[in-house]
Amino acid sequence: MGDAAHAPAPQMASGAALAIEDGLVLAEELGLRRSVGAGLEAFVRRRGQRCRTLVETSVAIAGLEHVRRRREAYPLTDAGHRLMAEPA
């Protein structure tokens with residue numbers, strides 16, 4: 001989980017936070033379900049969109065950094081920070 005599943009761009013400084021969220025959400029979902037499989041499915045449903053958005057944003061940031069368009073990356077970094085500030 002965490003960076004192994006969805007590594008954010010370094011500019012977002014959220015890799016450790018995502019790993020902690022993953023652990024907490026997985027523990028919650030496993031505790032609510034009768035089987036590990038059901039818990040894992042609930043975990044993926046709950047985490048999927050948030051993590052996908054952060055990975056896509058990170059890819060866009062890295063692309064802009066690569067072509068030295070850093071100023072254009074700042075709003076994306078801010079959007080990622082706002083998303084991370086929302087409850088998991």
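Trainee: Let's start with V36. Which helix is it in?
Mentor: V36 lies in helix α3, residues 36-66. Helices here are DSSP runs of H or I, at least four residues, and strands are runs of E, at least two, numbered from the N terminus.

Trainee: Before we go on, what kind of model is this?
Mentor: This is a predicted model: local features need pLDDT of at least 70, side-chain atom pairs count only at pLDDT 80 or more, and totals for chains, interfaces and linings use all residues. Residues are numbered from 1 along each chain as its sequence is written, and side-chain values use heavy atoms, with hydrogens and water left out.

Trainee: Back to V36. Buried or exposed?
Mentor: V36 counts as exposed because its relative accessibility is 56%. The cut-offs are under 20% relative accessible area for buried, over 50% for exposed, and partly exposed in between, with a 1.4 Å probe and protein chains only.

Trainee: Which residues form a nonpolar patch with V36?
Mentor: L30 and L40. Together the three have about 250 Å² of accessible area. Areas come from the Shrake-Rupley method with a 1.4 Å probe, and for residues only the protein chains shown count as cover. Patch members have over 30% relative accessible area and no salt bridge; nonpolar side chains (Val, Leu, Ile, Met, Phe, Trp, Tyr) are joined within 5 Å, like charges within 9 Å.

Trainee: Where is the kink in α3?
Mentor: The kink is centred on G48, at about 45°. That bend is the angle between axes fitted to the seven residues ending there and the seven starting there.

Trainee: And what follows α3?
Mentor: R68 comes after α3. It sits in the loop between α3 and α4. R68 is exposed, with a relative accessible area of 67%.

Trainee: Zoom out. How many helices and strands are there in the protein?
Mentor: Four helices, zero strands. The order from the N terminus is α-α-α-α. The C-alpha trace spans about 50 × 20 × 20 Å along its principal axes.

Trainee: What share of the residues is buried?
Mentor: 35% of the 88 residues. The accessible surface comes to about 5600 Å², and 59% of it belongs to carbon and sulfur atoms.

Trainee: Which residues make up the largest nonpolar core?
Mentor: Nine of them: A9, M12, L18, L54, I61, L64, A73, L83 and M84. α3 and α4 (70-85) each supply at least two residues of this core. Such a core is a set of buried Ala, Val, Leu, Ile, Met, Phe, Trp, Tyr and Cys residues joined through side-chain atoms within 4.5 Å.

Trainee: What does L54 touch, leaving aside neighbours within four places in sequence?
Mentor: L54 is in contact with M12, L18, G80, L83 and M84. Contact means heavy atoms within 4.5 Å.

Trainee: How much of the contact set joins residues at least 24 apart?
Mentor: 53%, among contacts between residues at least 6 apart in sequence.

Trainee: Switching to charges. How many salt bridges are found?
Mentor: Eight in the whole structure. A salt bridge is a side-chain nitrogen of Lys or Arg within 4 Å of a carboxyl oxygen of Asp or Glu.

Trainee: What about E29?
Mentor: E29 pairs with R33 in a salt bridge, the closest N and O atoms being 2.6 Å apart. E29 is buried, with a relative accessible area of 6%. R33 counts as partly exposed, at 32%.

Trainee: Which residues do shared partners join into one network?
Mentor: E21, D22, R47 and R50, through salt bridges.
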